[in-house]
Amino acid sequence: MTVADRRQDDSPTNGVNLRQEVRDQIGEIGEAEILVGIPSFNNARTIGHVVRAVQIGLAKYFPEHKAVLVNSDGGSSDGTMEAVRDAVMEDFGSVLIRHRIEPSFKLALPYHGIPGKGSAFRTIFEIADALGAKACAVVDSDLRSITPEWIELLLKPVISGDFDYVSPLYLRHKYDGTITNSIIYPLFCSLYGKKVRQPIGGEFGFSGDLARFFLTKDVWESDVARYGIDIWMTTTAVANGYRICQAFLGAKIHDPKDPGADLSSMLYQVVGAAFDLMEAYAEVWKKTECSEQVPTFGFRYAVGLEPVRVNVERMLEMFSLGVTELMDVWRAFLPDEVSDFLLVAREIPMEEFRIPDGIWADIVLSFALAAHRKLLSREHLLRSLTPLYIGRTASFVLETVDSEAEEVEEKIERLCQIFEVKMGGLRDLWD
Amino acid sequence: MEGVFERLLLAPMNVFFEKVMQFLPNLFSALFIFVCGLLVGWLAKTVLRWLFAVLKLDGFADRLGVTRGLAKGGLHDSFSSVLARFIGGFVVFVFFLVSLNNLNVDLIQTMIEKFLNYLPNVFVAIVILSLGYMLGTFLGRTVLIASVNAGMRISGLVGRFVKYLVFLLAVAIAVDQLGIGAEAVLVTYTIVFSGVVLALAIAFGLGGKDTARKYLEGKLKEKKGGEGEDVMRHL
């Protein structure tokens with residue numbers, strides 16, 4: 001079945017209930033070609049800048065397209081929705097050579113369902129569907145480095161009809177996005193054969209058809225409704241044969257602390273969603289032989305990045321505590337050589353502490369297999385990964401303390417290759 | 001003389017012989033029932049072992065920590081094997097009771113009747129203990145993982161405390177179900193639980209006052225200067 005055929009067949013089901021007021025607003029707008037969604041929760045400090053950047057981006061690069069900006073809010077108490085309504089670019093003349101022809105609209109509404117980013121996205125997809133949008137983009141509300149060009153880069157490949165899904169490519173500090181670098185990117189590459197560098201980046205462009213396809217999936221009561229949404233969207237697009245590309249957006253700088261973000265919960269939701277997708281698309285990833293680059297747009301340039309403060313000593317304490325207390329839990333599924341290594345590693349002094357790529361790949365794939373075989377309660381299994389992830393992050397920090405960005409990227413690529421090699425063993429054991 | 005001999009010796013012997021003759025069929029019947037019980041018990045054990053293997057019961061028991069609990073209790077066989085043996089043994093035991101009942105001895109029948117009336121309580125107690133053990137293991141592990149992720153040095157102690165607390169509660173309920181000194185058990189449990197809580201409160205209060213002071217000082221400093229915490233973004 002081709003993507004075009006699937007588009008004909010798919011129709012959204014079990015939609016969210018939009019309030020009458022919102023339905024009226026959508027009725028007034030009628031149709032729109034472009035929709036940009038901004039999920040938020042207590043982001044009053046930064047969301048005004050994001051809204052203005054989106055408005056300018058739409059006016060500058062898509063003046064002839066009717067566009068709607070949707071803020072899907074999770075019940076903020078700091079005036080986030082008011083900040084969205086008040087964010088107005090009063091003097092477009094100072095940033096634009098010509099003014100937009102088609103009007104643009106702004107909607108700020110609370111979403112319903114499980115509190116989380118995925119539920120916010122679901123509402124955005126519903127509105128995109130109701131308006132018949134052809135191209136959509138979503139951007140995080142805590143961004144400080146977003147520029148109007150991001151909107152062009154995320155939407156243009158979709159508007160032109162060449163691609164269905166645009167994944168972001170950023171310059172990030174070497175210690176930023178460590179779940180992506182150490183787990184999600186290597187796992188995604190080796191499973192689905194596409195080198196999508198930021199599969200959980202947070203900013204994406206996608207076609208209206210793909211938004212409607214997302215709505216056909218019954219996943220909105222799972223981790224997808226929370227932090228699992230990003231990996232779910234990217235995997236769903238790739239595994240179902242949608243055309244995917246990357247857009248280079250420059251530096252990603254955002255508020256350092258995500259409100260309400262707890263590492264263990266984030267890891268649980270993101271890794272849990274990735275493991276669930278392995279179940280759903282087992283027949284897809286079992287056929288993958290090697291990974292390939294995906295088309296990338298945007299002018300690449302170097303930027304200065306804000307330093308990231310890391311307390312390695314405390315990380316190693318957490319790792320050591322985890323190994324001491326949780327080894328009994330892990331022994332049920334970790335290979336003996338990995339268990340033995342971990343017991344030795346907890347005694348190693350900080351300067352010499354390392355978790356090699358091979359051991360780390362074995363750990364992640366053993367957890368994936370244990371989740372597949374249901375060897376342990378899912379909650380226990382995924383949450384017990386936290387100390388190991390912290391240990392691996394500490395090791396990564398120690399290994400790359402003097403490394404330039406290029407060296408760090410090479411190291412991450414080497415980790416991907418090791419995951420690809422080890423994936424053969426997982427395929428054999430899966431059934 | 002002959003009448004006396006007949007009355008004093010032969011008559012009782014005849015009566016005894018008649019009773020033995022009446023009892024022997026029951027005895028043979030009881031032995032037959034018991035032998036049948038041994039066979040049925042063995043058959044049940046074999047069939048259940050196969051069924052449990054098909055249902056992958058051992059994997060489920062591993063996840064709940066039952067296998068590890070059995071090992072700690074000195075049972076190194078798999079859970080499915082232990083359960084199959086238990087059920088097989090129970091079948092033999094039921095046949096044994098039926099065979100005893102078949103002897104038609106009043107005293108034995110009264111004892112069996114009392115035992116059978118008490119048996120449901122034993123079953124309920126076993127179920128309560130099993131559920132208590134599984135729940136204790138699950139909650140103990142939940143608390144252990146959460147406290148490790150929170151960086152608590154006494155995670156192991158906290159996890160074990162929760163596990164044994166839940167199991168102790170199950171023991172108290174099970175003993176109450178069996179009617180063994182119900183009130184005494186409840187009072188003992190209350191005293192032990194209160195004592196443990198009080199001891200912990202005192203221990204934490206005395207031993208942790210410096211830690212608490214440092215923690216609060218650290219928190220206040222963080223609020224003022226934002227120092228001391230990682231600013232990593234993991235996603």
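## Ground rules

This is a predicted model, in which local features need pLDDT of at least 70, side-chain atom pairs count only at pLDDT 80 or more, and totals for chains, interfaces and linings use all residues. Residues are numbered from 1 along each chain as its sequence is written, chains are lettered from A and ligands numbered from 1 in the order in which they are written, and side-chain values use heavy atoms, with hydrogens and water left out.

## The largest cavity

The structure holds two cavities of 30 Å³ or more. A cavity is a set of points, on a 1 Å grid over the protein atoms alone, where a 1.4 Å probe fits but cannot get out; residues with an atom within 4 Å of a point are its lining. A volume is the space filled by probe spheres set on the points, which are joined across faces, edges and corners.

The largest cavity has about 90 Å³ of space. Its lining consists of A:T178, A:N181, A:S182, A:D357, A:R392, A:T393, A:F396, A:K411, A:I412 and A:L415. At least two lining residues come from each of α7 (178–192), α16 (386–399) and α17 (405–430) of chain A; helices (H or I, at least four residues) and strands (E, at least two) are DSSP runs, numbered from the N terminus. Three of the lining residues are nonpolar, four polar and three charged. Here Ala, Val, Leu, Ile, Met, Phe, Trp, Tyr, Cys and Pro count as nonpolar, Asp, Glu, Lys and Arg as charged, and the others, Gly among them, as polar.

Where does the largest cavity lie? It lies between domain 1 (3–297) and domain 2 (312–430) of chain A, because both give residues to its lining. The domain bounds come from an automatic or database domain assignment.

## The second largest cavity

About 50 Å³ of space lies in the second largest cavity. Around it sit A:I184, A:L187, A:F188, A:L191, A:Y192, A:I231, A:T235, A:A274 and A:L277. Eight of these lining residues are nonpolar, one is polar and none is charged.

Which helix gives the largest share of this lining? That is α7(A), with five residues. Along with α7, both α9 (229–239) and α10 (263–280) of chain A supply at least two residues each.

## The second largest pocket

A pocket is an open set of grid points with protein on both sides within 12 Å along at least five of seven lines. The second largest pocket has about 760 Å³ of space. It is lined by 29 residues, and A:Y170, A:L171, A:R172, A:A405 and A:E409 lie nearest its centre. Two or more lining residues come from each of β5 (165–171), α7, β8 (244–251) and α17 of chain A.

The largest share, six residues, belongs to α17(A). By class, the pocket lining has 11 nonpolar, seven polar and 11 charged residues. Domain 1 (3–297) and domain 2 (312–430) of chain A both contribute to the lining, so this pocket lies between them.

## How the helices pack

The axes of α9(A) and α10(A) are 9 Å apart, at an angle of about 25°. That makes α9(A) roughly parallel to α10(A). Axes are lines fitted to C-alpha atoms, for helices over the stretch in contact, and angles run from 0 to 180 degrees between N-to-C directions. Angles under 35 degrees count as roughly parallel, over 145 as roughly antiparallel, 65 to 115 as roughly perpendicular and the rest as oblique.

The axes of α7(A) and α17(A) come within 8 Å and cross at roughly 55°, so these helices are oblique to each other. For α12 (312–330) and α13 (336–345) of chain A, the axes come within 9 Å and cross at roughly 150°; α12(A) and α13(A) are therefore roughly antiparallel.
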